[in-house]
Amino acid sequence: MELKEMMALVSRSGRHLQRYNLGRRQVVGCIPYRYKDFTELSLVDEDAFEVLLISPQRKGKGLLFPKGGWEKDETIEDAAQRETVEEAGVRGEVECKLGTWYFENKAGDTAYEGHMFPLFVTEELDYWPEKEIRQRTWMNVREARKLCQNGWMKEALEVLVSRLTSQSKRTKGELFPGVERTSSGRAIILPWGCRAQILSPPLPSSTEEA
């Protein structure tokens with residue numbers, strides 16, 4: 001990795017650019033996902049893809065998806081990508097928003113407005129800003145349901161699962177009109193972007209851990 005790129009991979013700090021809406025701190029996160037194997041892909045089955053979870057900053061039970069504050073000098077999609085790079089060390093295509101959730105911290109003294117996006121992973125970094133304080137783990141959806149510690153993030157996961165598996169009646173050719181292959185013959189699936197079905201999220205109510 002070039003020095004210039006390494007210098008750019010530094011977590012933002014401070015709250016002077018933080019966005020608020022009606023007193024709620026606005027945060028943005030992603031559910032990073034990837035497909036296991038295009039040749040064995042069954043879109044009816046949620047086991048066709050994996051999601052990436054990270055450990056929280058504070059030691060405790062459970063995992064979570066990357067998320068953080070949305071700042072005034074960036075778009076919501078840029079914030080989603082930035083937080084995912086900082087906390088999970090992956091890059092990819094930010095797709096259509098899964099929904100907006102409203103929740104409070106465990107102490108009940110801070111209110112949040114959380115926006116979640118899917119992120120189709122195209123690159124995993126060896127070095128990222130929070131590598132020394134977080135661990136990242138790929139897992140199937142069933143494992144993610146058990147280990148994710150935030151209820152509102154679990155709801156976002158269910159929206160993503162419904163969105164991806166709802167395409168089961170369409171053929172692979174219709175879903176992936178462009179499929180690139182490497183020299184070894186392995187397929188690379190191009191991301192869906194906003195062509196995937198958009199579902200309304202459930203009404204959220206939960207607490208969160210950083």
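Which residues of helix 4 are buried? The legends below answer this and describe the aromatic contacts of a predicted model.

**View 1. Buried residues of helix 4.** Trp152, Met153, Ala156, Leu157, Val159, Leu160, Val161, Arg163, Leu164 and Thr165 are the buried ones (under 20% relative accessible area, with a 1.4 Å probe and protein chains only).

**View 2. The edge-to-face pair of Tyr33 and Phe49.** The whole structure holds 8 aromatic pairs (ring centres of Phe, Tyr or the six-membered ring of Trp within 6.5 Å; planes under 30 degrees apart are stacked, over 60 edge-to-face, the rest tilted). Because the planes of Tyr33 and Phe49 stand at 75 degrees, with centres 6.4 Å apart, this pair is edge-to-face. Tyr33 lies in strand 2 (residues 24-35) and Phe49 in strand 3 (residues 49-54), 16 residues apart; strands are DSSP runs of E with at least two residues. Both Tyr33 and Phe49 are buried.

**View 3. The stacked pair of Phe103 and Trp152.** The centres are 4.3 Å apart, with 15 degrees between the planes. Phe103 belongs to strand 6 (residues 99-105) and Trp152 to helix 4 (residues 151-165), 49 residues apart.

Residues are numbered from 1 along each chain as its sequence is written. Local features need pLDDT of at least 70 and side-chain atom pairs pLDDT 80 or more, while totals for chains, interfaces and linings use all residues, and side-chain values use heavy atoms, without hydrogens and water.

Notes. Helix = DSSP H or I, 4+ residues; strand = E, 2+ residues; numbered from the N terminus. Buried < 20%, exposed > 50% of the residue type's maximum accessible area, 1.4 Å probe, protein only.
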